Amino acid sequence: MIDKNDLLKKLPKMDELILDERIAKAIADYGRNATLEALRTSIDKVRAGILSGIHKEPDAVQIIEDALKLAKTNSRMNLRKVINATGTILHTNLGRARLSESACKAVCEIAKNYSNLEYNVEEGRRGERYDAVSELLRELTGAEDSLVVNNNAAAVLLALSALAKDKRVIVSRGEQVEIGGMFRVPEIMNQSGSILVEVGCTNKTHYADYEAVLDENSVLLKVHTSNYKIIGFTEEVPLKELVELGKKYETPVIYDLGSGSFIDFSLYGIQGEPTVKKVAADGADVITFSGDKLLGGPQAGIILGSKKYIDIMKKHPLTRAFRIDKMTIAALEATLREYLEEDRAIKNIPVLNQITADMAELHDKAKRLFEKVEKAGSNADMTITEDKATIGGGSMPGQFIDTYCVEIKPYNLSVNDMESRLRKLDVPIIARIANDALILDVLTVDEADFEYIARSIYEVIS
Ligand SMILES: *Cc1c(COP(=O)(O)O)cnc(C)c1O
């Protein structure tokens, strides 16, 4: 019978463990407090094990290894990179748009240094933070003026608060959308102090429906139903006609475009998403859209419009509350600069790159992932399958992008276990399950991550 007290006396002391060179390295990597805390936890665990009779001899090597693992896990960033193998390009839960290299570089540069954020260096006087992007936005969209806030939800709320307070806002019943969370058209109206006037039916709204309720104390709001689609017997009033109507009654037309694309995706087989330039040319007085949907930039709400309306919005107190950060402006400017040449934008902005991906290239990409996983020694049935990916982020409903996936059916564990273990890695791999197999869609995966994916799959399923 081993005496528990004798075993407890054999527990290594902190002073001794600290001398281990791996612990010294951990202190350098994770900090002294975090490392010592992990060591303490690790010793406590063995002590508890001895007291409950599970542990026989305390093992210093094991204690150190457990502590190192713990220190590493504890110091891991809560917000961190994941590998998106779902095929959903603008995955709301996975951070929507990835930024271009140029945008990332710009963010770093501006974050680390002082900048001319609100300073006009030419003239040595105060400047406006929006100056960095306003000229670019004018050039790319043809809109007279612009303002950028934190996200499109803020943009819509600001536009209505500044331009439609105590006014009647006319919206089609077919455009009463919930964008997510509690962000619904009626709630925004309430919040902005405007009065919602619904016209038409869910599937059809006519010009006459708008005209019947319109007066000089109204605002026309059009919402691009970018996160759902009514199919079949439908009719909406084209923006151009709403603009005519607005002119007739001198009421502004606000268009919540949602996604906002600078590229004509119909050239790539994707219909129903008008370019911002077209919408601006059709004469909407105010246009709002997201920076991190189809534009492929940072989270932002971009507001375009005539100077008259933008000036009113700039003076509204919410503009200060919704003010964008310098890192966002840096990322947005760099993203907009890519659009100065469409080819460059498509090549350099990940969202565009993915949407326009070539099928033959995707097939080759899937083959390379397949081979890497196979070479790592996978214990599974694997095939390459043709599949449909989605754009996501409430963009382009019912529109799919052809893609290729690597389908894996593990021999030694359930596909659910495999999915969950890949999800819990240091760099989580987020995959789909379908037909009792794990599906890795290569469309949204960076080739640079293939090696890591192959190694991780090997570790998980062997
Ligand atoms: C996505 C979306 C919004 C919200 O934009 P955020 O940038 O997510 O705040 C608003 N309106 C429409 C039509 C949208 O599609």
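Predicted model: local features only at pLDDT ≥ 70, side-chain atom pairs only at ≥ 80, totals over all residues.

Reader: To begin with, how many salt bridges does a search of the whole structure find?

Author: Over the whole structure, the search comes up with 32 salt bridges.

Reader: Let's take D29; which residue does D29 form a salt bridge with?

Author: The partner of D29 is K25, and the closest N and O atoms of the two are 2.7 Å apart.

Reader: And where do D29 and K25 lie?

Author: Both belong to helix 3, which covers residues 21–30, and they are four residues apart, or about one turn of the helix.

Reader: Switching to R168, what does R168 form a salt bridge with?

Author: R168 forms a salt bridge with D215, and here the closest N and O atoms are 3.2 Å apart. This pair links distant parts of the chain, since R168 is in strand 5 (residues 168–172), whereas D215 sits in the loop between helix 10 (207–213) and strand 9 (218–223), 47 residues apart.

Reader: What about the relative accessible area of R168 and of D215?

Author: R168 has a relative accessible area of 24% and is partly exposed; D215, at 27%, is partly exposed as well.

Reader: Then there is R344; which side chain does R344 meet in a salt bridge?

Author: R344 meets the side chain of E338, with a distance of 3.5 Å from N to O. In terms of accessibility, R344 counts as partly exposed at 40%, but E338 is buried, with a relative accessible area of 4%, because buried means under 20%.

Reader: Which residues do salt bridges with shared partners join into one network?

Author: The residues joined into one network in that way are E118, R126, R129 and R323.

Reader: Now the surface: which residues gather in a patch of negative charge there?

Author: That surface patch of negative charge brings together D264, E341, E342 and D343.

Reader: Picking D343 out of that group, where does D343 lie, and is D343 buried or exposed?

Author: D343 lies in helix 16, which runs over residues 342–348, and with a relative accessible area of 65% D343 is exposed.

How values were computed. Residues numbered from 1 in each chain as written. Heavy atoms only, no water. Salt bridge = Lys/Arg side-chain N within 4 Å of Asp/Glu carboxyl O. Helix = DSSP H or I, 4+ residues; strand = E, 2+ residues; numbered from the N terminus. Buried < 20%, exposed > 50% of the residue type's maximum accessible area, 1.4 Å probe, protein only. Patch = residues over 30% accessible without salt bridge, like charges linked within 9 Å, V, L, I, M, F, W, Y side chains within 5 Å. Areas by Shrake-Rupley, 256 points an atom, 1.4 Å probe, with all protein chains shown as cover. Lys, Arg positive; Asp, Glu negative; His and termini not counted. Charge placed at Lys NZ, Arg CZ, Asp CG, Glu CD.
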